[in-house]
Amino acid sequence: MEVLSALATGFSVAFTPLNLFLVLFGCFTGTLIGSLPGIGPINGVAILLPLAYSIGLPPESALILLAGVYYGAEYGGRISSILLNVPGDAGAIMTTLDGYPMSKRGEGGRALAISAVSSFAGSMGALLMMVIMAPLLSELAIRFGPTEYVMLMVFAFTCLATMVGSRPIKTLIGTLIGLVLATVGVDSGTGVLRFTMDIPNFFDGVDFLVVVIGVFAISEVLVLLEQWVNNDLKVTPVGKSFVTFADIVKVRWVILRATVIGFFIGVLPGTGASIASAVAYGTEKRMAEGDSDEFGKGDIRGLAAPEAANNASAAGAMVPMLTLGIPGSGTTAILLGALLMFNITPGPLLFEQKPEIAWGLIASMFLGNIALLVLNLPLIGVFVRLLSIRQSYLIPVIVMLTFVGIYSIHGDSFDLFFMVILGIFGFILRKLHFSLAPVILGLVLGEVLEENLRRSLSMSGGDWSILLNGNITIGLAIASVLALVLPFLLKRIKGKGRTAQLQAELDD
Amino acid sequence: MYDRIFAGALLLLSGLIAWAAAQFDVPFQYEPLGPKAFPYILSALLAVAAVWLMIRPSADGWKPTKEVVLRLGGALVLMYGYAFIYEPLGFIIATAVVGGVFSWLFGEKPIKAGVYALVMSVVSFFLLTDLLQLNVPVGTVFGG
């Protein structure tokens, strides 16, 4: 019952006119951003974050807006996947497999509607699990001391390294780069300046926003420019087909399974929508053995599974972010950074001390998903028409927004130069097949990790064995070793074929 | 090959981190680790990872054509220039010029691109300053 009254508090926050407007605006913008080819949720949230910060929104409203963009973009990603065969981001790749064949058959409308319903069911299911799990997890996390946090982060980075990106070693390097960036600036323990190169702008650390926008948005513009070819993409017509009751009955268990899979993969630190949708798709294909010929040729089960899963994982990824302060994906890492900018430290106490933020966000997500279903069923035509916006009109706006956003934080041109340099760096990383999310996770978690490590060793007087002093820490250590070893074992057992293919798909 | 070059740079970086950390002048410190230990750990891990990558690099996947390199170079010069003129010339002029060239880089005809960028920059200036009340530079050359 406690949960219900907490949820009621949340709805009272979400129903204020400003927040209601921001939910709707965020969901609409998110769907739009997600549906534009090439610009995924991460870029959308990154570009809007400095603006939300500079116009002085209260923290819970800013978070509600950014979260709306995040899961709105997970909905929107399917539009370009289905109609153009161009996924908006990695999480939408699996949607192209069965979505595009359907739209080529003239069933674009049916595909869009099924995916909207699956997305909705996935989100709502995951939100319910979130309402149940988040308070439990935060009760567990209240007993976490510095040593537990250190081991938890080790576990998060291990999960990240073995499950995200093309090669574990590259993910590890990306995380280390992020951690190194986090050490720049004045050391809070002793006041010593570290790695500032005598540049005053670095004295209080490398600005999180500048890194996020540089590494993601600026490098994205460069990638779009590189891939640009002088012909317009062909949008397959939506047609008059629509989802039938029989369709939904046929995929109801598929959606349920995919929701559970997606949610728990989302909760795992570091693993986001791309892995969730891939695993859900793979599971359904195996479940349908003997009847799986249609997969890849336009089977509605192959469309519903990844869509339910990637939306469920978006909600799941919020759980560790809110309860432990450890983001479950690249985009939630940015949301975490946003909270830190507002001087709010997510963690077990967030639910008790700032219920308006934690529960307000959760309540707003319920509203947002209903709004998204409405946006995505009757109003789908609007977004489809927006698909044909030409890049020559879109890119100048994106470049402008990145500059306006970064300049508005400090009013200093230095940040703009630094942002462009980081953009070049991000572009190089992408061309070498490094994923960028680990860099951001390292940057966001670096300070917390170091602080907790130093506190732990202060407690033990320099004895490192304190890191394995209790049941929780030992459990996390074992989990880390398993996360490191299991993927390799599984690969051995199952043979290389499928995993390698999956990796190659996620890689791009 | 790219991976090897990058790994070499990382190795250099890890050395620099360790060297710079060793130079920190720590006047007092109450805890056993202090500000140097974490950078040392990162530097060591980075060095190991870099050597690993050097031994087992991935195949080079990126083979841009001359035109792509030119366009990318152009975009970089453009963004750097944008950062350079953003404050002195102000938002409207800088955005109109840079936005126009970007629109042209993405295939728009020059005149249409220019008109579009001019309209975009003027409209967004008033949206950003009046509606969102953001800190948008008017241009120091105009005394703003």
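The model is a predicted one, in which local features need pLDDT of at least 70 and side-chain atom pairs count only at pLDDT 80 or more, while totals for chains, interfaces and linings use all residues. Residues are numbered from 1 along each chain as its sequence is written, chains are lettered from A in the order in which they are written, and side-chain values use heavy atoms, with hydrogens and water left out.

Chain A comes with 21 helices and two strands; these are DSSP runs, numbered from the N terminus, with helices being H or I of at least four residues and strands E of at least two. Its radius of gyration is 22 Å, close to the 23 Å that the globule rule gives for 508 residues, so chain A is as compact as a globular protein of that length. That radius is taken over C-alpha atoms, and the rule itself is 2.2 Å times the number of residues to the power 0.38. Along the principal axes, the C-alpha trace of chain A spans about 70 × 50 × 50 Å.

Take the contacts in chain A between residues at least 6 apart in sequence: 80% of them join residues at least 24 apart, a contact being heavy atoms within 4.5 Å. The accessible surface of chain A is about 18500 Å², and carbon and sulfur atoms hold 66% of that; areas come from the Shrake-Rupley method with a 1.4 Å probe, and for residues only the protein chains shown count as cover.

Chain B is built from five helices and zero strands, which gives the pattern α-α-α-α-α along the sequence. With a radius of gyration of 24 Å, well over the 15 Å that the globule rule gives for 144 residues, chain B is more spread out than a compact globule. The C-alpha atoms of chain B fill a box of roughly 60 × 45 × 25 Å along the principal axes. Chain B is split into domain 1 (2-55) and domain 2 (66-142), with bounds that come from an automatic or database domain assignment. The centres of these two domains, taken over C-alpha atoms, are 39 Å apart.

Of the 144 residues in chain B, 38% count as buried. Among contacts in chain B with a separation of 6 or more, 59% are between residues 24 or more positions apart. The accessible surface here is about 7900 Å², with 74% belonging to carbon and sulfur atoms.

A:Gly99 sits in helix α5 (residues 93-104) and counts as buried, at 0% relative accessibility. Setting aside residues up to four places away in sequence, A:Gly99 touches A:Ile82, A:Ala111 and A:Leu303. The C-alpha atom of A:Gly99 is 8.0 Å from that of A:Ile300, although 201 residues separate the pair along the chain.

A:Gly272, on the other hand, is found in the loop between α10 (245-267) and α11 (273-287). A:Gly272 is buried too, with a relative accessible area of 12%. Beyond its neighbours within four places in sequence, A:Gly272 is in contact with A:Ile265, A:Ser313, A:Gly328 and A:Ser329. For A:Ser313, 41 residues away along the chain, the C-alpha separation from A:Gly272 is 6.3 Å.

Definitions and conventions
Buried < 20%, exposed > 50% of the residue type's maximum accessible area, 1.4 Å probe, protein only.
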